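Please keep the sequence and the structure in view while reading.

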Amino acid sequence: MTTLAMFSGGLDSTAMLVQLLEQSSDELRVHHIRMSNKESRDEAEQRAVSAIIDWCRTRYRPFRYSESALDFTALEAIPIDYVCIAFVACQVAIDTPRCNRIAVAALARDTDIENRSARQRRVFDTLYECYRARKLGEPEVQWVYPVYGSTKADLAAHLPRELVDLTWSCRRPVRESNGGFHPCGACKACLARQGI
């Protein structure tokens with residue numbers, strides 16, 4: 001069977017990816033959603049994703065990688081990430097032969113994660129039901145949370161420092177004059193990474 005790993009390029013999803021590569025023999029499809037919105041973090045995330053995927057391909061077993069894009073830059077509101085992930089995961093699961101598991105890098109310490117994960121699965125199930133009515137996809141798809149019980153410090157401690165340094169978590173990156181980015185240091189994601 002095949003596991004679909006939803007990948008953002010952050011510390012959590014990178015640790016999940018490494019765990020799946022090291023501790024699972026499932027075929028693995030890794031998928032990144034380039035989400036453009038008024039936070040403008042998509043370019044910084046994309047750079048991290050590309051670097052991490054390249055790094056992992058040279059050190060671990062083979063896996064399939066794909067990406068898609070959602071552009072919300074014309075909206076004032078920032079769309080809810082977990083709803084977008086559920087929508088795209090449904091499409092990619094249908095596109096992935098024998099896909100029966102979707103891995104998401106949610107942590108128990110994330111705010112309201114239980115309710116958010118349940119709502120995400122409901123969105124997915126509703127969409128997936130449309131495909132099952134057409135006899136597409138697998139009869140059952142399980143959502144798994146491989147790093148759920150970990151803390152960010154645990155995740156960082158189990159990864160090579162070089163790989164930790166490639167990850168990106170900031171929601172509001174600051175563009176540098178040389179075209180690079182540095183974290184804002186003040187958003188929720190930056191605060192969660194303090195001390196890592």
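In this predicted model, the buried residues of helix H1 are covered by elements that include strand S1, strand S2, helix H2, strand S4, helix H5 and helix H6. Of the 13 residues of H1, 10 are buried, so the helix is largely enclosed by the rest of the structure. The buried residues are Leu11, Asp12, Ser13, Thr14, Ala15, Met16, Leu17, Val18, Leu20 and Leu21. From its first C-alpha to its last, H1 reaches 18 Å, close to the 18 Å expected at 1.5 Å a residue.

| Element | Residues |
|---|---|
| Strand S1 | 2–6 |
| Strand S2 | 27–36 |
| Helix H2 | 42–59 |
| Strand S4 | 99–103 |
| Helix H5 | 152–157 |
| Helix H6 | 161–166 |

Two packed helices are described by the angle between their axes and the distance between the axes. For H1 (residues 11–23) and H2, the angle is about 20 degrees and the axes lie 12 Å apart. Because this angle is under 35 degrees, H1 is roughly parallel to H2. The crossing in which H1 passes H2 is right-handed.

Which residues of H1 meet Ile52, Ile53 and Cys56 in H2? They are Thr14, Leu17, Val18 and Leu21.

Elsewhere, Gln91 lies in helix H3, which spans residues 81–94. Gln91 is partly exposed, with a relative accessible area of 27%. The C-alpha atoms of Gln91 and Tyr131 are separated by 9.3 Å, although these residues are 40 residues apart along the chain.

Note on methods: Residues are numbered from 1 along each chain as its sequence is written. This is a predicted model: local features need pLDDT of at least 70, side-chain atom pairs count only at pLDDT 80 or more; totals for chains, interfaces and linings use all residues. Side-chain values use heavy atoms; hydrogens and water are left out. Axes are lines fitted to C-alpha atoms, for helices over the stretch in contact, and angles run from 0 to 180 degrees between N-to-C directions. Helices (H or I, at least four residues) and strands (E, at least two) are DSSP runs, numbered from the N terminus. Angles under 35 degrees count as roughly parallel, over 145 as roughly antiparallel, 65 to 115 as roughly perpendicular and the rest as oblique. A crossing is left-handed if the near helix is turned anticlockwise from the far one by less than a right angle, and right-handed if clockwise. Contact means heavy atoms within 4.5 Å. Buried means under 20% relative accessible area, exposed over 50%, partly exposed in between (1.4 Å probe, protein chains only). The expected span of a helix is 1.5 Å times one less than its number of residues.
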